[in-house]
Amino acid sequence: MGRIFTEHLQGRVFTCRLCGNHLASNLELISKSFHSRQGKAYLFNAVVNVLEGPKEERLMTTGLHEVADIHCKSCLQLCGWRYVMAHEENQKYKEGKFILERAKMMDLYEGNLASSSEATTVLGFPNEADEVCT
Ligand SMILES: [Zn+2]
């Protein structure tokens, strides 16, 4: 009713580090083995409460990709990008998926669960040691 609508996720959730906006569910996490210039980055099937910037071609260590930056819908910080299109055949699995930079978000369960439940990652996808945005 007149409020800015943001989707509220259940369970283990990654939120915007600046404003607490929910960004992604742990259930949508595909891989934690990505990297951006800022450090660790996670690959997700789906994210919520983000705004997408213009598409652009970007050269990464794994080849040329068409990507669009994604921003927190609430505080507008840049938090990652979406893979729109991968030019390399073996990178096609990333198309339509989202990268969120670890430094830009909080794991809501951080500190609560200690080391008890590190997310199980990678569903048969190649391990991506070194995705660096150039
Ligand atoms: Zn935010």
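Two strands count as paired if DSSP finds at least two bridges between them. Strands here are DSSP runs (E, at least two residues), numbered from the N terminus. Keep in mind that this is a predicted model: local features need pLDDT of at least 70, side-chain atom pairs count only at pLDDT 80 or more, and totals for chains, interfaces and linings use all residues. Residues are numbered from 1 along each chain as its sequence is written.

**Stop one: the three-stranded sheet**

Start by selecting β1, β2 and β9. They form an open sheet in the order β2-β1-β9, with antiparallel pairing. Colour β2 (22-25) and β9 (105-107) as the edge strands, each pairing on one side only. From one strand to the next, the twist averages 25°; axes are lines fitted to C-alpha atoms, and angles run from 0 to 180 degrees between N-to-C directions.

Now zoom in on β1 (residues 13-16), which pairs with β9 in the antiparallel sense over three bridges. Which residue in β9 is the bridge partner of F14? Pick D107 and you have it.

**Stop two: the six-stranded sheet**

Next, select β3 through β8. Here you get another open sheet, running β3-β4-β8-β7-β6-β5 with antiparallel pairing. β3 (29-36) and β5 (50-60) stand at the edges with a single partner strand each, so one side of each has no neighbour in the sheet. Neighbouring strands are turned by 30° against each other on average, direction ignored.

For a closer look, show β4 (residues 39-44) together with β8 (residues 98-101): they pair in the antiparallel sense over four bridges. Finish on F44, which stands opposite F98 in β8.
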